[in-house]
Amino acid sequence: MIRARIALPLFLLAASVPVHAGVLPDDRADLLYHRYDGGGVTIDGPSLLVRKKFAEKYGVTANYYVDMVSSASIDVVTTASPYKEERTQGSVAFDMLNGKSQYSLSFTNSEESDYTANSLSFDVSQDIFGDLTTVSFGFSRGWDEVRRRGDDEFAESVDRRTYRIGVSQILTPSLMMGLSYELVTDEGFLNNPYRSVRYLDPGSPAGYAYQPEIYPNTRTSNAASVRARYFLPYRAALSGEYRYFADTWGIGAHTAEVTYTHPWTERWIFEVGLRFYTQDAADFYSDLFPYADSQNFLARDKELSTFSNQMLSVGATYELSLDWKFLQRSTLSFFYDRMQFTYDDFRDITSGGAPGTESLYEFDANVFRFFFSGWF
Amino acid sequence: MKTAARFLCILALLAAAGCSSVEPWVKPYERQNFADPIMALDRDPVSSAYINHVFEAREGARGAVGSHGGGCGCN
């Protein structure tokens, strides 16, 4: 199972979170190759996004996305066998413009051998204030089916609801700001049916043993963010973003990001960015429980531990001069991200030592994005 | 949950109503900087959606990423 959370919602790819609601985005197609390589996991695949508007009032967006996973992560090598998996996702969105209001309806389906996720989203945005302000809000409903390989009897479900609201505001001729708030509730089978927790077991040769993890069957999270983008006097852009997150599992997280965008000649746009993320562990997380069934809920998922990561991004976009009749313009882009993860309470049990004294886990990841964009 | 949805709708309506009587202070002819592609909050949606999918798969936090996306949880 490579999915454990909500499917990549198309409203985030479509035209439903615009700076201005009064204009639909240009007709455009993007073909992207992505690759993630880190912590024993390699994931790559394509993503194709096409959007087309009709009569300047209606728009259609479609996306096809594939994750091809080859996993020998620390979780997998310590409690299971390396595996290969594929996830495919298809999405379609319809946008309608009515004066200064925009309405978007989207549907997303994600499929893999042991997980199916469907979600439906509705979003509204409205320009007000002489188009200086755009207010948007939306709602998503998701239905997931969780299965387990080799166990035909196993079938669980997850029900998801998301509420979001956002405001973007032009503050000066060079500065815009945005505020977002999102509430997500999940209900159902939220843990991974393959993952285990470990507990001290003096009777076992290693000194510890495993049992299946147990999560609560509800989770509600709140996230609020503020972002700003500033046009520098020599034609470059500086942006910053901060997000605060808290949920009913006890996780609290901070994310901060800064990006600098610099055009060079008429053909190049360069970008460099730094991102910092830190979180506290879920209340029911432990790297090593004192004994079996020591509490109602048990987790040893490193994504629920106390950890931080830093990311450095560099990217470039080049304006092509293709003489194709149906293309107005086209670009090639390449982005590289280097991520470093450092865990405070998740141990690398392959490093050896007495239970609970093993080295703390850390890993680096390389992320590549290479894509062609064409406007028609 | 219904209360939260109502609260969000009321907040959006209040924001819209409260702002309607205030004069815009940045005139349309002063907004050329925002038409520059480098000022787009989300210049390449297919790319930003992917990188946020990477974050959401490996971090506990989710949501409120504005023009960004989220996604699968890969072990």
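1. In this predicted model, D293(A) lies in the loop between strand 15 (268-279) and strand 16 (307-319) of chain A. D293(A) has a positive phi of about 50°, although this residue is not a glycine. D293(A) is classed as exposed because 10 other C-beta atoms lie within 10 Å, and the cut-off for exposure is 12 or fewer.

2. With 18 other C-beta atoms within 10 Å, D131(A) is partly exposed.

3. Strand 12 (residues 218-232) of chain A pairs with strand 9 (residues 175-188) of chain A in antiparallel fashion, through 13 bridges. Within strand 12 of chain A, S221(A) is the residue opposite V184(A).

4. Strand 12 of chain A is also joined to strand 13 (residues 236-247) of chain A, again antiparallel, by 12 bridges. Here S225(A) stands opposite R243(A) of strand 13. These two strands form a hairpin with 3 residues between them, and R235(A) in the turn has a positive phi of about 60°.

5. The largest nonpolar core comprises 25 residues; A282(A), Y285(A), A299(A) and L304(A) have the most contacts inside it. Strand 6 (115-128) and strand 10 (196-200) of chain A are the elements that give two or more residues to this core. Apart from this core lies another, of 23 residues, including F346(A), F371(A), A49(B) and A57(B).

6. Leaving aside residues up to four places away in sequence, Y285(A) touches A299(A), R300(A), L304(A) and S305(A).

How values were computed:
Residues are numbered from 1 along each chain as its sequence is written. Chains are lettered from A and ligands numbered from 1 in the order in which they are written. This is a predicted model: local features need pLDDT of at least 70, side-chain atom pairs count only at pLDDT 80 or more; totals for chains, interfaces and linings use all residues. A nonpolar core is a set of buried Ala, Val, Leu, Ile, Met, Phe, Trp, Tyr and Cys residues joined through C-beta atoms within 7 Å. A residue is buried if 20 or more other C-beta atoms lie within 10 Å of its own, exposed if 12 or fewer, and partly exposed in between; C-beta atoms are placed from the backbone. Helices (H or I, at least four residues) and strands (E, at least two) are DSSP runs, numbered from the N terminus. Two residues are in contact if their C-beta atoms, placed from the backbone, lie within 7 Å. Two strands pair if DSSP finds at least two bridges between them.
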